[in-house]
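Please keep the sequence and the model open alongside the text.

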Amino acid sequence: MNHKVATLLNEQINKEFYSAYLYLDIANFYTRKGLDGFANWYEIQAKEEQDHAMLMYRYLQNNGVEVTLEAIAKPDKTFVTLTDPLKAGLEHEQYVTSLINTIYEAAHEDKDFRTTQFLDWFVKEQGEEEKNSMDQITRMELFGDDARSLYMLNSELAARVYTAPSLTL
Ligand code: FEO
């Protein structure tokens, strides 16, 4: 595998673990606020991010690339309102989308179509994650000020269950 592509994928492992950490911090915030459904949703999101990291870790290993694990940064966002974490989540997903696109571009330039095919799943996943984040912001802005509606939103998010990623290597 081309050095640039391998380096970017290796860096992305770290970014995905950071994403897991950020989402765990968001879950932590909602737990403190008494919103266990929101916390559940973000704890599951954190698990999914670990899955993303592990898929990249395994993909590199399967292609004979030595993986280097770097330190994971501390989540440094400050949340005050109930919408703050949702907005931080969307902003973060948009950033991750740009990172995935950069890796995709590097792989495509190198005619590394095995990697572009591997990344296709992530491109689609990013679309889903951005949409989920936008929907949550919309719903919180529409209903978050009403206690009864907030209770229902929370109950809905409490029902989310973890499922393993559809991509297998
Ligand atoms: Fe691994 Fe939320 O993207």
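Helix α5 (residues 147-158) has 12 residues and reaches 16 Å from its first C-alpha to its last, close to the 16 Å expected at 1.5 Å a residue; that expected span is 1.5 Å times one less than the number of residues in the helix. Helices here are DSSP runs of H or I with at least four residues, numbered from the N terminus. The model is a predicted one, in which local features need pLDDT of at least 70 and side-chain atom pairs count only at pLDDT 80 or more, whereas totals for chains, interfaces and linings use all residues. Residues are numbered from 1 along each chain as its sequence is written, and side-chain values use heavy atoms, with hydrogens and water left out.

**Helix α5 and its cover**

The buried residues of α5 are L150, L153, N154 and L157, and because they cover an arc of only 100 degrees around the axis, they lie on the same side of α5. The arc is taken from the directions that run from the helix axis to the C-beta atoms. Buried stands for under 20% relative accessible area, exposed for over 50%, and partly exposed for what lies in between (1.4 Å probe, protein chains only). On the other side of α5, R148, Y151 and M152 are exposed. What covers the buried residues of α5 includes α2 and α4 (113-143), where contact means heavy atoms within 4.5 Å.

**Salt bridges**

The structure holds five salt bridges, each defined as a side-chain nitrogen of Lys or Arg within 4 Å of a carboxyl oxygen of Asp or Glu.

| Pair | N to O distance |
|---|---|
| E141 and K87 | 3.6 Å |
| K124 and E128 | 3.6 Å |
| K131 and D135 | 2.6 Å |

The side chains of E141 and K87 meet in a salt bridge; since E141 lies in helix α4 and K87 in helix α3, the pair ties together parts that are 54 residues apart in sequence. K87 is partly exposed, with a relative accessible area of 43%.

K124 and E128 are four residues apart in helix α4, and so are separated by about one helical turn. K124 counts as exposed at 57% relative accessibility, whereas E128 is partly exposed with a relative accessible area of 41%. K131 and D135 are likewise four residues apart in helix α4, which again separates them by about one helical turn. In that pair K131 is partly exposed at a relative accessible area of 48%, and D135 counts as partly exposed at 32%.

**Helix α3**

The C-alpha atoms of K124 and T97, 27 residues apart along the chain, are separated by 9.8 Å. Helix α3 has 26 residues and reaches 38 Å from its first C-alpha to its last, close to the 38 Å expected at 1.5 Å a residue. Just after α3, K111 takes a positive phi of about 55 degrees.

**A nonpolar patch**

Y21, L24 and I72 make a nonpolar surface patch of about 270 Å². Patches are made of residues with over 30% relative accessible area and no salt bridge, nonpolar side chains (Val, Leu, Ile, Met, Phe, Trp, Tyr) being joined within 5 Å and like charges within 9 Å. Accessible areas come from the Shrake-Rupley method with a 1.4 Å probe, and for residues only the protein chains shown count as cover. I72 is placed in the loop between α2 (36-62) and α3 (84-109), and at 40% relative accessibility I72 counts as partly exposed.

Methods. Helix = DSSP H or I, 4+ residues; strand = E, 2+ residues; numbered from the N terminus.
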